[in-house]
Amino acid sequence: MSLVAEAFVTQLAAAEPWPENAALYQQLKEEQILLSDNASSLAVQAFLQMCNLPVRVICRANAEYMSPSGKVPFIHVGNQVVSELGPIVQFVKAKGHSLSDGLDEVQKAEMKAYMELVNNMLLTAELYLQWRDDVTVEEITHPRYGSPYPWPLNRILSYQKQWEVRRKMKAIGWAGKTLEQVLEDVDQCCHALSQRLGTQPYFFNKHPTELDALVFGHLFTILTTQLITDELSEKVKNYSNLTAFCRRIEQQYFEGHDKDSSAIAARSSKRPLLR
């Protein structure tokens with residue numbers, strides 16, 4: 001298909017209304033999904049809830065391999081498949097739904113900078129903990145990541161993913177970091193977010209933006225996920241306005257909604273996610 005034809009198809013898809021059967025795909029909730037993917041999935045769910053766009057969560061063991069980018073979550077809307085928060089935000093905007101249209105150019109630039117901070121610090125810290133902390137790798141990551149598959153495929157896939165993530169850590173300069181240094185990075189990120197939020201209900205005062213969805217996805221998942229130790233969640237708990245922010249979004253956008261369509265239900269019951 002030519003570029004012109006592809007652009008025309010994309011325009012037609014964008015013109016179509018949001019369907020009732022839109023679906024979001026992620027790995028199996030109880031036995032497979034890891035902290036970082038769960039946080040990314042929840043961020044997309046929060047974003048779509050804030051846009052008042054219905055989506056049904058579908059869990060598949062091979063969701064990572066179904067995704068066009070190899071990453072979860074991804075959404076299936078009409079004939080379109082889009083993965084990860086950034087492209088999903090752009091796709092939704094093309095359909096006429098945006099959370100940040102009310103911001104001026106300076107605020108939009110600031111929002112993007114904070115989103116980059118979250119991805120560079122919190123997401124990377126989650127990946128580090130999952131794939132570089134030896135105890136977490138052996139007790140949680142390998143058993144969960146390979147859980148849908150028989151031996152030896154389960155171990156082969158886990159080690160393959162571990163090699164991929166560790167190569168990324170080396171490329172960005174995180175390979176030589178200690179866990180204490182990573183936790184300090186998380187604390188600095190939380191401090192910056194806490195300072196920006198202040199006493200406002202959302203990062204840009206009265207209305208949520210993509211930043212609120214992203215921060216909620218990561219912080220709520222960190223707060224409600226059982227790991228080997230509580231060191232990661234304790235960093236977030238040190239900032240009362242961030243924990244109140246998570247609770248506020250949970251109440252406003254998830255409680256009372258269809259429990260089957262949200263990953264919140266299991267975590268709110270305090271069941272351990274990564275055990």
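Modeller: Let us start with the axis, a line fitted to C-alpha atoms, for helices over the stretch in contact, with angles running from 0 to 180 degrees between N-to-C directions. Helices (H or I, at least four residues) and strands (E, at least two) are DSSP runs, numbered from the N terminus. The model is predicted, so to speak of local features needs pLDDT of at least 70 and side-chain atom pairs count only at pLDDT 80 or more, while totals for chains, interfaces and linings use all residues. Residues are numbered from 1 along each chain as its sequence is written, and side-chain values use heavy atoms, with hydrogens and water left out.

Biologist: At what angle do α5 and α8 cross, then?

Modeller: The axes of helix α5 (residues 105–131) and helix α8 (residues 179–197) cross at roughly 155 degrees and come within 10 Å. Angles under 35 degrees count as roughly parallel, over 145 as roughly antiparallel, 65 to 115 as roughly perpendicular and the rest as oblique. This makes α5 roughly antiparallel to α8. The crossing of α5 past α8 is left-handed, a term used if the near helix is turned anticlockwise from the far one by less than a right angle (right-handed if clockwise).

Biologist: Which residues of α5 and α8 make the contact?

Modeller: Contact means heavy atoms within 4.5 Å. On the α5 side the residues include Y114, L117 and M121, and on the α8 side they include V182, V186 and C189. By class, this contact of α5 with α8 holds 14 nonpolar, no polar and three charged residues, where Ala, Val, Leu, Ile, Met, Phe, Trp, Tyr, Cys and Pro count as nonpolar, Asp, Glu, Lys and Arg as charged, and the others, Gly among them, as polar.

Biologist: How does α5 run relative to α9, parallel or antiparallel?

Modeller: The axes of α5 and helix α9 (residues 210–224) come within 9 Å and cross at roughly 20 degrees, and α5 and α9 are therefore roughly parallel to each other. Here too α5 passes α9 in a left-handed crossing. Among the residues that meet are M111, V118 and L122 in α5 and L211, L214 and I222 in α9; the classes are eleven nonpolar, two polar and two charged.

Biologist: And what is the crossing angle of α2 with α5?

Modeller: Their axes cross at roughly 150 degrees and come within 8 Å, so α2 and α5 are roughly antiparallel. L35, S36, A39 and S40 of α2 touch L123, E126, L127 and Q130 of α5, a contact with four nonpolar, three polar and one charged residues.

Biologist: In what order do the strands of the sheet lie?

Modeller: Strands of a sheet pair through backbone hydrogen bonds, either parallel or antiparallel, and two strands are taken to pair if DSSP finds at least two bridges between them. Here four strands form an open sheet in the order β2-β1-β3-β4, with mixed pairing. The edge strands, each pairing on one side only, are β2 (56–59) and β4 (80–83). Strand β1 (residues 23–26) runs parallel to β2, joined by four bridges; A23 has R56 as its bridge partner in β2, and Q26 has C59.

Biologist: Which helices lie across the sheet strands?

Modeller: Helix α2 (residues 35–50) lies across β1, β2 and β3 (74–77), at about 170 degrees to β1. Helix α4 (residues 85–94) lies across β3 and β4, at about 135 degrees to β4.
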